[in-house]
Amino acid sequence: MSAMPTAVRREGRIEPPPMPYGELELQAPPPLFAGEGAGANVLMTAVPMLGSVGSVVFVAMSGKSTQSYLAAGMFMLASLGFVGVSLWRARTGKAAQVTSNRREYLNYLRGVRELARKAGAEQRRHLTWVHPDPTSLAAVAAERTRVWERSPQDEDWLLVRYARGPQRLGLELRPPESDTIDKLDPVAASALHRLLATHRILPALPTAVALGSFARIEVTGTERHARAQARALIVQAALFHPPDQLVVAVLTSPQSLAEWDWVKWLPHAQSRREADAAGPRRLICTDLDELVSLLPADLSERPRFGPAMAATSPHVLVVLDNVFVPVGHSVVTEDGVQGMTVIDIPERWEELSDESRVRLHLDDDEQGRVRVAAVVPRQDPVRGFADQMSIPAAEAAARRLTPMYAGEGPAREDALTRSTELTDLLGIGDIHTVNLERTWRPRPPRDRLRVPIGVGVDGASINLDIKESAQQGMGPHGLVIGATGSGKSELLRTLVVGLALTHSPEILNLVLVDFKGGATFAGMAGMPHVSAIITNLADELTLVDRMQDALSGEMTRRQELLRASGNYASLRDYEKARTSGDAPQLAPLPSLLIVCDEFSELLSAKPEFVDLFVAIGRLGRSLGIHLLLASQRLEEGRLRGLDSHLSYRIGLRTFSASESRSVIGVGDAYELPAVPGLGFLK
């Protein structure tokens, strides 16, 4: 048996559990030992028997008396007893040998059976991971770590589940080449036959179809079942294949348009060629020519379909729901187009003869389950139980994919690439005439520590709220990761200036730390909010110790102040008592935001500093201390328990897909274009 690898996580994708493979040649059942053993025992007893008969005759003839005859009879009786005992011992010895051989072989089969069960369980785990059940697709989309994980280099590229059915065990069990059945132990041979019949075929495993291997997939049967099958195919394809590599389009009749309205939520169903007031146009049409005008422009120039040809990007998946396509159309052709698969739900169908097509025929069984037979010309059908997905389940999964894609349409590109001034986001007009009394006016608790930091794909402002989640915020602590040139420093400046313009020093104070001594916080020392700017720590590591002492002292001071002022549990309770008039003598205690740029470099020089960060992460919520860590790279091993306290994440363009997954859960930040300021907020 070949060795089975352990599960690993490679860059950009979580590897599935291992798939068993190889072969195991089984031992032959033991023989019955029928013939040679019995003949040898008879021969061994025949020689002394002949000698005994001669002795009896000699004794009987020598004396010719009653005593002689009695002696000869006794001698004869003893000889017969000896022969009988010898034959009995030979028979029982053969039965014991057969029983021993049988027990040994059955124990061997028990070990093989356990190995086959283990391989079957591993195969089921592998296939269930690669092809999850349609009922779990919405949850996989919400969890996000596996969304759009497949690339053209992967073995499961364009492999989409359609049913649960029988499959051969990945570990091949090869029967032995042995003698005819009449020479073998029947009990052992029967046990071997049962083992092979039970474990060589596994029931109800996920069964997939390769979209790239067929130009057309016909889904036949009742319309209700056929559409539910098509939904399961589309959602799984969209979940695991990125929108820039897969396009999903639907051509249907006006009467059936409501059946496919859920597709509009898929990022894969957005046209890269035309847009309207709502953004990129959706690829759901009732007119063929209109749909073609929205699809990739090179479809009419692609060669005819050929399974052995290289993959074409993007792959186009077109659904035809009971619509007529004229013969000879330049895009939706009878022969197929390279890089395009048509899922056809026809009103009527004929016998298949084209090997570029596969038919999934659906029907109900006696228990009301939907069975499917995958039919390919000149091959036996592959049968199983069809995947079915309801419209609400499909829409739930599609809606979870919508916010994960920045898009390539004209409207989204304009919203994300045009320059937006911070003053416009804050609504304060000219910065030279800003009225701080108005911008620092008291805010309701829900708007405190909340400030816009940019715009989203729809042009609306994106707000960062560093309050804790119990106060409807995203904080209290967060993380910003961005490669060189991604706009990290500009983002930090935008956040700091935005907070300073909208919050008075009585509400918020700032500690700005730049380990490498860059220009991130240059010119901000004069702001009344800034308690300290600490830069160029890399050249003076003694300042790191002083900063650690200062921050630890501030935590202790706040704890003692809350305790001495009336045993307040948190800054929130303290401020509520101060502003409500219950304790007007209390002095303002502003929240404190610590922004630490290049924290990875800081922890490399002073690994023990992470203990202070962890203490702030644990106690900062009640003390009103907020921590924002920023760096070009993320080294998770250095966080050592701090990761669980970083509740909001900002991922600008990263150096690798694995860094992107560590920050925001998916690899999308690695795929961002080299435009400063583009990123994801989680």
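A: We begin with a definition: a crossing is left-handed if the near helix is turned anticlockwise from the far one by less than a right angle, and right-handed if clockwise. Keep in mind that this is a predicted model.

Q: How are two packed helices described, in general?

A: Two packed helices are described by the angle between their axes and the distance between the axes. Here, helix α12 (residues 542-564) and helix α15 (residues 610-623) have axes that come within 11 Å and cross at roughly 25°. α12 is therefore roughly parallel to α15, since angles under 35 degrees count as roughly parallel.

Q: Is the crossing of α12 and α15 left-handed or right-handed?

A: The crossing of α12 and α15 is left-handed. On the α12 side, the contact is made by Gln-548, Leu-551, Ser-552, Met-555, Arg-558, Gln-559 and Leu-562. On the α15 side, Leu-612, Ala-615, Ile-616, Leu-619, Ser-622 and Leu-623 take part.

Q: Which classes of residue make the contact of α12 with α15?

A: The contact of α12 with α15 has eight nonpolar residues, four polar ones and one charged one.

Q: At what angle do α5 and α7 pack?

A: Helix α5 (residues 223-240) packs against helix α7 (residues 391-401) at an angle of about 15°, and their axes are 10 Å apart. The two helices, α5 and α7, are therefore roughly parallel to each other. α5 passes α7 in a left-handed crossing.

Q: Which residues of α5 and α7 meet?

A: From α5 they are Arg-231, Val-235, Ala-238 and Leu-239, and from α7 they are Ile-391, Ala-394, Ala-397 and Leu-401. By class, this contact of α5 with α7 has seven nonpolar residues, no polar ones and one charged one.

Q: Next, empty space. How is it found?

A: Rolling a probe the size of a water molecule over the atoms shows where empty space is left. In this structure, the second largest pocket holds about 620 Å³ of space. It is lined by 22 residues, and the closest to its centre are Glu-218, Glu-334, Asp-344, Arg-348 and Arg-357.

Q: How many cavities of 30 Å³ or more does a search of the whole structure find?

A: The search finds one cavity of 30 Å³ or more. About 30 Å³ of space lies in the largest cavity. Arg-168, Leu-169, Leu-171, Glu-172, Leu-173 and Arg-200 line the largest cavity, and by class they are three nonpolar, no polar and three charged residues.

Q: Let us turn to the backbone. Where are cis peptide bonds found, and what is omega there?

A: Pro-314 is found in the loop between α6 (288-294) and β12 (315-321). The peptide bond from Gly-475 to Pro-476 is also cis, with omega near 15°. Pro-476 is found in the loop between β18 (461-465) and β19 (477-481).

Q: What is the phi of Trp-148?

A: Trp-148 has a positive phi of about 60°, although Trp-148 is not a glycine. Trp-148 lies in the loop between α3 (137-143) and β4 (159-168).

Q: How far apart are Arg-572 and Ser-591 in sequence and in space?

A: Arg-572 and Ser-591 are 19 residues apart in sequence and 9.6 Å apart in space, C-alpha to C-alpha. Arg-572 is found in helix α13 (residues 571-580). Not counting residues up to four places away in sequence, Arg-572 touches Ala-470 and Gln-471.

Conventions: Residues are numbered from 1 along each chain as its sequence is written. This is a predicted model: local features need pLDDT of at least 70, side-chain atom pairs count only at pLDDT 80 or more; totals for chains, interfaces and linings use all residues. Side-chain values use heavy atoms; hydrogens and water are left out. Axes are lines fitted to C-alpha atoms, for helices over the stretch in contact, and angles run from 0 to 180 degrees between N-to-C directions. Helices (H or I, at least four residues) and strands (E, at least two) are DSSP runs, numbered from the N terminus. Angles under 35 degrees count as roughly parallel, over 145 as roughly antiparallel, 65 to 115 as roughly perpendicular and the rest as oblique. Contact means heavy atoms within 4.5 Å. Ala, Val, Leu, Ile, Met, Phe, Trp, Tyr, Cys and Pro count as nonpolar, Asp, Glu, Lys and Arg as charged, and the others, Gly among them, as polar. On a 1 Å grid over the protein atoms alone, a cavity is a set of points where a 1.4 Å probe fits but cannot get out, and a pocket is an open set with protein on both sides within 12 Å along at least five of seven lines; lining residues have an atom within 4 Å of a point. Grid points are joined across faces, edges and corners, and a volume is the space filled by probe spheres set on the points.
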